Each structure stands twice: as C-alpha cells, then as structure tokens.
Amino acid sequence: MRKKNLNRRTREELVAWSFMSIWVIGFLVLTMIPIFTSLYYSFSDVILSGEGIIVTFNGFANYAQVFSSAEGFNFLRSVSDFAIEILFKVPIITVFAIIIAVLLNQKIKGRGFFRAIYFLPVIIASGPVINQLINQGAATVPLVEELGFIDLINQTFSESIARPVANIFSELIIILWFSGVQILLFIAALQKIDRATYEAAMIDGAGVWESFWKITIPALSNMVLVSVVFTIINLATFSENEAIQHIKTNMFALETGFGFSSAIAWLYFLALGIILTVFFLIFKGFSKDRRRR
Amino acid sequence: MKKISKSKIKHFLLGKSFNDGFFGKISVYLLLIIIGFVYLFPLLKMFAYSIKDLEDLVNPTVQWIPTKLYLENYRISLKVLNYGVTLVFSLLVTLLPAILQTITTSLMGYALAKFKVRGKIIIFAIILLTYLLPVQVYMIPRYVLFDRFGILETAWAIILPAIFGQGLSSAIFILIFYQFFRMQPKSLDESAEIDGASAYQTFMKIGVPLAGPAYLTAFLFSFVWYWNETYTSSLFIGSDLYTLQLKLFNFTSQFNVTQGLSDQALNEAIRYSATILIILPVLLVYIIMQKWFVEGIDRTGITGE
C-alpha cells in the first residue's frame, strides 16, 4: 500500500510509459533528433574532416544548387519519372489486386494454394533480385516487346513521358509483383461482406455485374485508400528507386555531400507528400461522387 | 424425370449465379492459372535458365526444359557468393533485428491497447508519421551518429535501431500488435489484477501467450523484410561485411574477383543461379510457414476498423 499516494490513473499511466519507454527513447534518439539534424544539414554546408564534421549554416544554398546543378537536375528528373510512373502503377496494382482478390474469394478448391502463389513475390522481391530479373529480361511478357508496343509509345509521346511509360510496360510483371500484400488486404475486406447482402440483392433481381459494382466495390472502398497509401510508400522506399539512389550517392560525392543530400531527401519527402495528397483527393472525389448517385 | 435431369444439368453447368456453375468455376480456375503463370513467369524462367549449360543457353529451340541438368552454375555461384560465411552473417543481421523489433513493437502495441494514456492520439500520429516519412530523410544524421558510436560497418548498425523499435516498418508492427491486443477480452486482465498480478505479470502470463499468432506473423514479416532490405544496410554495413543481397547486387565485380582468371565467362545462367541461391532461405521459410504469412494479416485483425 505504499503507492497509495499515487492515484490509479497516474499509476496506470506510469505503467504504460514504462512499456513504451524503449520505443520512446529510440524514437527520440534515433529518429526525432536525426530528423531535425537532417533539416539543419539541408540548410548547411557540411564538411567531413579528420576531427569530425564541420557544419556551417548557409541558408538556401543547397536547395539553390539542386535547381542549378547537373546532379540536382538528375535528381529532379528521377523524381518526376517516379511521379509519372506512380500515377500509372498505383491504379494498375490496385485494380489487379482487387481482381485477384475477388477471384480468390470464390468457393473454389485450392484457394490456399493460389493465395500462396500470388503472395510469393512479396517474400522474394528484394532490390538486387528484381534488378537481376529486369536486367536479364525476365520481367516482361515477351509479347509486349515483339508486338512493337514500346516503339509505339516512344513514337507517340514526348521523351519525358515516353520514358517512364515505356518502363512500365517493360517491367509489367514486376509491377504486378508489388500487389501481394494488397491482395490479402482486399480478401480480408471481402470476407467481411455478409453473404446475405448478395442473396437479398439477387432476390431483388440484381445480376452478378450489378452486385459487384453496388455491393462489392463500395465495401472495398476504405481498403482501397489503405492499399493506395501502402503501394505508394512501398514503391517510394524500394531500394532500386532511382530518386533515393541519388540521395545516397550524393552523400559521398565530391561536389555535393551531406548538406546537398539532406536537401534532396527533404525535397523527395515533399514530392511524396504531394503525391499522397493528390491520390487522397482523387479518392475523396470518387467516394463523394458515388455517394451522390 | 427428363425435365428434372435437364434442369439439373443446366444448374450444374451454369449455376444459380455465375460462380456456382461448372462454366463459372472453370473460368475462375482458368483465369487464376493463366494469370498465375504470367505472374510467376520471371521465376519460372529463372529456374529453367539456371540449370542450362552454354549449349542450351544459345540454342533457340531449348526454351523451358534444358537438355540436361547442369549444376555447374550453382557451384560457381556458391563460390562467388562465398555462400556459407555470407549466409551466417546475413542471418545475423536478419534474425536478430527481426526478433528484437518484434519484442519492442509488441510492448508498444500492448501499452497503447491496454492502458489509458494522455495524448494517445498524438502518439498514434507520430507512429503514422514514422511510417510515411522515408528513412532517407533521417539516415544521414543516423550515419553520423553511428559513426560517433563506432558501430558503422558492424552488425550493430542494423541491430541497434531494431532494439529500439526504429527498424524496418516498425510502425506497421506496432499497429498489428495494437489491433491484436485490443481484441483480447478485458475481463481476463481484470481477473488477473484482482488476483494480485502486476501489469507486467499480466502481460507475460496473459497478453503474450494469447498473442502467439501476432508474434509469429510480425516476426515472419520482419524477417523477410530485413532479409530483402539493401538500401540502408549497404550504407551502414558497407563494403567489408556483405550480406547475400549485397553480394548479389555487386555480383559482376564479385565474380571478377573470384573467377577473373578462369576462362569461365559470366553469363545469365550463372546470374540466375546466384539469384536463386539468394532467395532460397526465405523461400524455404515461406514454404514451411506459408499459412502464417497469408492468414497472418487476417488473423491479427490489422484490417479491422
């Protein structure tokens, strides 16, 4: 009874913080302080010397360098490539995941087996593995190239759009490989739909097609947002993503260094924020539109 | 009689709705198999090519089935990757972080699920932010920090963030544990408290044993993601200590170092065999624990509201 002076509420809170303490210390030391330090670096000239690092504030010089140097231009181009690619990849991955989830949610034999097959790429898709597959030409359906599809894209679009779009087709299978987790998310959402809803709709004369659009898709809508966010973050932090490669290579480059790298890391985060916002607004627009109807 | 059997046949073939009938079923299977084949095409091609010898590689009539089983590619890859030693180190920087991260994130998830904490919403917002904020933003100061600690180019650079729940996708695991612990009946904790158990005893004796599936799922995903991670590991553990993934990434130069003087040239069959050797450990884990990966997401209730 010696803790009588502490009331129950405070005691509970102390216990909770003791559970959380390891994470909280880690967050402060390994994440939060580094975040602010990185922000400071991005406005500084960071020089590595024998005695350690010398950091001198230099305002927006790093950011100015991004928009005026060759390294900066390469980075900005890879970010715009990434943004264009993601505009295509996210819908491709989402639609594919929904189709596979609906198919796997049917009453069929070997469901577990098929689910295991479609989840397999998540297990093995590391940067170097994917890199090998793409470089050896195993990433594309042979038909796509034989039919001259990529030539067609190169001829129709301007260079800055054709490059990322052609990329998507030449890596189509690998892009689908990024849908494993999303398929499982959609299956879980589908299983939450009450069978009775479909039966009631059928009695009212709704066909399969109508049930799909009026029952299945609305039931999935929240999961679509989760899946889209997961897809974007997953692709954005994938190690073969060219934009994030720039951040690492510039760290030890002669003309640039830690300051410049920190600046482009923050610009990358900003771009990611814009991409997420755009998709969020699109999603909002769609769900509002559907409710009105 | 005839009428009945006719409607029965119709029922059998077409079913009440599209997915009940014979045709519906067949088309679902067919779609799943065809898409599945295209989906796994890169893997299948890789397996087929990895056992081809030079003759089969250049022979355009040999596509999927090599004329003979040729394992020399694997022998070369094992040597280039220095497989045994590298595998041990890879497991060290995969298993340890996975276990430690699972423990720390489970403590965090438990605290958020079971206790009233002021400002819980802010903590959740921070956790979500750590998920959205790419590691690139804070990895440079981390690099400087690890340099100061003197743990750069050691396994500690990977293990330390994991201990403190700041590793790979820690936010996701916290949410998994939060959801799971929240679903446990409160009455169990209350009766334990009445029996005089402290919060820590309740956690160890009731929380953890009942959360087996969540622990296993979190550990397995953590394991696989650490295995596949190369971006930060290449920065933090650098050039001397290679994991299998990093060796694969630098396979050409590795090949030139170990095989440079022999007359064997690097070809795609060797590359493919190396790639298979890299994915083999996780593939084995997946084959054995497949159910836990696929059903894990469901079972942990991460998809709940």
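**Where the two chains meet**

Let me begin with the contact between chain A and chain B, which takes 67 residues from chain A and 67 residues from chain B. Before going further, please note that this is a predicted model.

Which elements of chain A supply that side? Each giving at least two residues to the side of chain A that touches chain B are α1 (8-42), α4 (111-124), α5 (127-135), α9 (172-176), α10 (180-191), α12 (208-236), α13 (242-251) and α14 (258-292) of chain A. Of these, α1(A) gives the most, with 18 residues. If we sort the side of chain A that touches chain B by class, we get 49 nonpolar, 14 polar and 4 charged residues.

**Chain A as a whole**

Now chain A by itself. The count of elements in chain A is 14 helices and 2 strands. What does the radius of gyration of chain A say about its spread? The value is 25 Å, well over the 19 Å that the globule rule gives for 293 residues, so chain A is more spread out than a compact globule. Along the principal axes, the C-alpha atoms of chain A fill a box of roughly 80 × 75 × 40 Å.

The domain assignment divides chain A into domain 1 (1-34) and domain 2 (64-292). How far apart are the centres of domain 1 of chain A and domain 2 of chain A? Taken over C-alpha atoms, 39 Å separate them.

One helix pair in chain A is on my list. α4(A) and α10(A) pack with their axes 8 Å apart, at an angle of about 135°. That angle makes α4(A) oblique to α10(A). On the α4(A) side the contact is made by Tyr118(A), Phe119(A), Pro121(A) and Val122(A), and on the α10(A) side by Gly180(A), Val181(A), Ile183(A) and Leu184(A). By class, this contact of α4(A) with α10(A) has 7 nonpolar residues, 1 polar residue and no charged residues. Both α4(A) and α10(A) were also named among the elements on the side of chain A that touches chain B.

**Domains of chain B**

Moving to chain B, the domain assignment gives domain 1 (2-73) and domain 2 (75-299). Between them, 9 residues of domain 1 of chain B are in contact with 11 residues of domain 2 of chain B. On the domain 1 side, the elements giving two or more residues are α2 (22-50) and α4 (72-81) of chain B. The largest share of that side, 4 residues, comes from α2(B). By class, the side of domain 1 of chain B that touches domain 2 of chain B divides into 5 nonpolar, 2 polar and 2 charged residues.

**Two helix pairs in chain B**

The contact of α5(B) with α8(B) has 8 nonpolar, 2 polar and no charged residues.

The other pair is helix α9 (residues 170-183) and helix α12 (residues 212-228) of chain B, with axes that come within 10 Å and cross at roughly 170°. That crossing makes α9(B) roughly antiparallel to α12(B). Here Phe173(B), Ile176(B), Phe177(B) and Phe180(B) of α9(B) meet Ala214(B), Thr217(B), Ala218(B) and Ser222(B) of α12(B). By class, the contact of α9(B) with α12(B) divides into 6 nonpolar, 2 polar and no charged residues.

Note on methods:
Residues numbered from 1 in each chain as written. Chains lettered and ligands numbered in written order. Predicted model: local features only at pLDDT ≥ 70, side-chain atom pairs only at ≥ 80, totals over all residues. Contact = placed C-beta atoms within 7 Å. Nonpolar A, V, L, I, M, F, W, Y, C, P; charged D, E, K, R; others polar. Domains from an automatic or database assignment. Rg over C-alpha atoms; globule rule 2.2 N^0.38 Å. Axes fitted to C-alpha atoms, helices over the stretch in contact; angles between N-to-C directions. Parallel < 35°, antiparallel > 145°, perpendicular 65-115°, else oblique.
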